[in-house]
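Please read it alongside the sequence and the model.

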Amino acid sequence: MQDKNLTIITTHVNADFDALASMLAAQKLYAGSLIVFPGSQEKNLRNFFIKSMVYLFNMADVKEIVFSNVKRLVLVDTRQPSRIGKLSSLLKKSDLEIHIYDHHPDMVNDIKGNFEVIRPAGATVSILTGLLREKKIGISSDEATVMCLGIYEDTGSFNFSSTTEEDFIAAAYLLSKGANLNIISNLLEREINSEQVGLLNDMIQAATFYNINGIEVVVTSISTDNYVSDFAFLVHKMIQMENHNALFALALMGEKIYVVARSRINEVDVGAVVTSLGGGGHAFAAAATIKDMTLAQAEHKLLESLYKTVKPKRLANNLMSSPPIMIGPDVTCRDANNALTRYNINALLVVEKAAGKDELLGCITRQVIEKAIYHKLDDIPVKEYMSTDPASVTPDADVFEIQQKIIESKQRILPVIDNDKLTGVITRTDLLNILVRQSQQTTANLPDPLKEPIQARTRNVINFMNERLPKRILGILHDIGRVAAEIDCRAYVVGGFVRDLFLYRSNEDLDIVIEGDGIAFAKRYAEKVGARINTYKKFGTAVIIFPDGFKLDVASARMEYYKFPAALPIVEMSSIRLDLFRRDFTINTLAIQLTPEHFGILIDFFAARKDIKEKAIRVLHNLSFVEDPTRVFRAIRFEQRFGFSIGKLTSRLIKNAVKMNFFKRLRGKRLFAELRQILEEENPAPAIIRLNDYGLLGVIHPDIELNKKLVELFSSAKKVLSWYDLLFIEESYKKWIVYFLVLIKSCNKRISSRICTGFELTPKLKNFFCNERFAADKCLLWLELNLPVKNSILHKQLSVFQTELILYMMAATKLKSVKKAISHYFTRLRYTDILITGKDLKAMGLESGPIYREIMRAVLDAKLNGKLKTLNDEMTYVRKYVSKF
């Protein structure tokens, strides 16, 4: 029976030794209290309890607690409601008494206590030890060991800058009470097993060094299907081994992302950084758990927080947002308002480009534009209402100059100009945040997508390229880099080509991205190599066609936004990072620089190489399938082609897209294009099965059902096509047509017609699938009922059909005799030709007319049936044949 006036003591989820020690100390202050963990504990804590010190703790499981009986809640080492798990529901009790003991700095949403002891210290247990000493409460040697362990861990054995005099005094007192330093040393310096060594090595290999406003910060990330209980310990080990000043480690475990951060320097307050991720901690140690976010998004958000929180060098090039969002002077107020909304900003620079220079004409604010629209001036160009002659600064301007110009000119944004080129902008809020060291910013001033301080993982892969690529491809890439440099642009080869390079797959489909004017580059390059060019100004793309037919796809670096789910993208000029961020999956975001000074430098913003190594298909952001549902089909196609697995979060987002039926907005042509690419794969059957797993066959038509018969039919088709390919017949055919025929085999003519109409197929294809297919089915039935027949009859039955339909018939039949007959047709009969010609018939005195066709057919039949071999045989046969008339 539980006490009706229960006191429970708790701490934060993923409790560390300081949290454990603080709960033990608090238990001694509150007689009769229960210790309750809010969630899972670190593995080493559980082992610690089980093996040695469990008798010290009056513990209860959170599931055993009757919340209505709780009168007092004692919080140690935390004040954040989000970090106490299910126990946060107690905070709703109006009669709950809350006591708090904590060493963390104040944070937004902190729980307020009726009684609080909160002050800076290296460890919370140091504070509680002092209270026990004041109250002269006895401490056993085992209790002293546990409490001292908390101090040693949270102060980094007194090496962290957060260590205070109070920590030393508390530790000295606990030593006087018998704390065992050997036990403490063994627990803190425990050996790591082989699995942990592997994870630690992955963390070290994945480490990326960022220069955040002049401060070096290390970010690393790993992925694992299972929960890693000692992740915080591995982070601690890494920062010791590698001697990092600030380390942020992210681990995707299942569907959750765990963040552990450590800092040794005052400039990087990890507690403040991690708070934006929903976690907490103090300046030198912090942690967070993130749900419903991809690893790329979490890392992106972390880096945003770093750039907001780490104290910057106070120079314009460190403070500015880049690239700047600009408009031309003739842009209407309506379009300018759309740009403000699209990028979530409050002011726009008005710029006119002339002779390769940016001529700054003025700026216009949201307030001015909104007033213009209110007064029905939507179609008036912004040049009529912009503020002219704005002040500007150079990249090396200090904060004093920036402050002076923004205040004196009363500008909302201050342009940063470098050699007549507009490189960025500084907003009033940017300046204010630096001056008052605010820990948060409004959404309008977040770095993404306007600010681009976020760096990529880079690696020189030129030797790897030399080993893997044909000389011609390498030469083309070098030429592209040189031409791009000539017109002051940067060139990259991106996407599938780079992905397949690291998958050791052959791929010569080059996708080139130009930071600059892609069409201008394409024209210059095509002229140099004597190639043709097709340009598409709307999308800033071009196709370069070499004399031998080899093609290059060229695009201007761009970002896309979507007006509504499943819309076609609207394209903007952008940087390579934003161009890569718009892509479908992380594995397709690799880029290699081609400009001469950086040729062969691999760029990896979104941990693509890690996902390739882990064989994972992951989206870059959670709205990916909302914006473009066709990516679902691509995810399945890539998964099956490469033998990868769709990540858990990505899989859930696919299910959500199907549930919300985002596919209804898609044009049939787009949907069919993705299905066709699946059917063009070497073995599309596994992808079709996966489509069915996600309920996507119904998107094609509700009557298409995956069953054993359909799976067997796909398997049969694959065998037939493999056999046909081994014949090395030069005549081309389309594999996808055979597989599509298999897919819709069970559909009648009415349903087939609806499917073809929905996919917006051409009349020719619609006739093929809706009429010729049924003629082929009828022929197949005839063959199954009438074989064996003469070669001439078999030829007459099959020769009227295209290759794809005959292969479909061969796949569809279960009778070996029919398969053998069709095989005989392909290998022996199909290409049989007669030697006699119309001239020969005319020389024999036969008048031209329909009789010629009849004679030719008769000769062919006789030859097919083995009666004729030479031209003389054919001539003799014709004479006998015409003598009957």
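1. A helix axis is here a line fitted to the C-alpha atoms over the stretch in contact, and angles run from 0 to 180 degrees between N-to-C directions. The model under discussion is a predicted one.

2. On that basis, the axes of helix α29 (residues 735-743) and helix α31 (residues 763-786) lie 12 Å apart, and the two helices pack at an angle of about 50°. This angle makes α29 oblique to α31. The crossing of α29 and α31 is right-handed.

3. From α29, the residues Trp736, Ile737, Phe740 and Leu741 meet Leu765, Phe768, Phe769 and Arg773 of α31. By class, the residues of this contact comprise seven nonpolar, no polar and one charged.

4. Phe740 also deserves attention in the nonpolar core. The largest such core has 135 residues, and Leu477 and Phe740 are those with the most contacts inside it. Beyond its neighbours within four places in sequence, Phe740 is in contact with Phe672, Leu675, Leu679, Ile755, Phe759 and Phe769. Another core, of 44 residues, lies apart from the largest one and includes Leu128, Ala170, Leu174 and Leu188.

5. A further point concerns Val350, which is found in strand β13 (residues 347-354). Val350 counts as buried because its relative accessibility is 0%, the cut-off being under 20%. Leaving aside neighbours within four places in sequence, the contacts of Val350 include Ile327, Leu361, Ile364, Val382 and Met386.

How values were computed
Residues numbered from 1 in each chain as written. Predicted model: local features only at pLDDT ≥ 70, side-chain atom pairs only at ≥ 80, totals over all residues. Heavy atoms only, no water. Core = buried A, V, L, I, M, F, W, Y, C linked by side-chain atoms within 4.5 Å. Buried < 20%, exposed > 50% of the residue type's maximum accessible area, 1.4 Å probe, protein only. Contact = heavy atoms within 4.5 Å. Helix = DSSP H or I, 4+ residues; strand = E, 2+ residues; numbered from the N terminus. Parallel < 35°, antiparallel > 145°, perpendicular 65-115°, else oblique. Left-handed = near helix turned anticlockwise from the far one by under 90°. Nonpolar A, V, L, I, M, F, W, Y, C, P; charged D, E, K, R; others polar.
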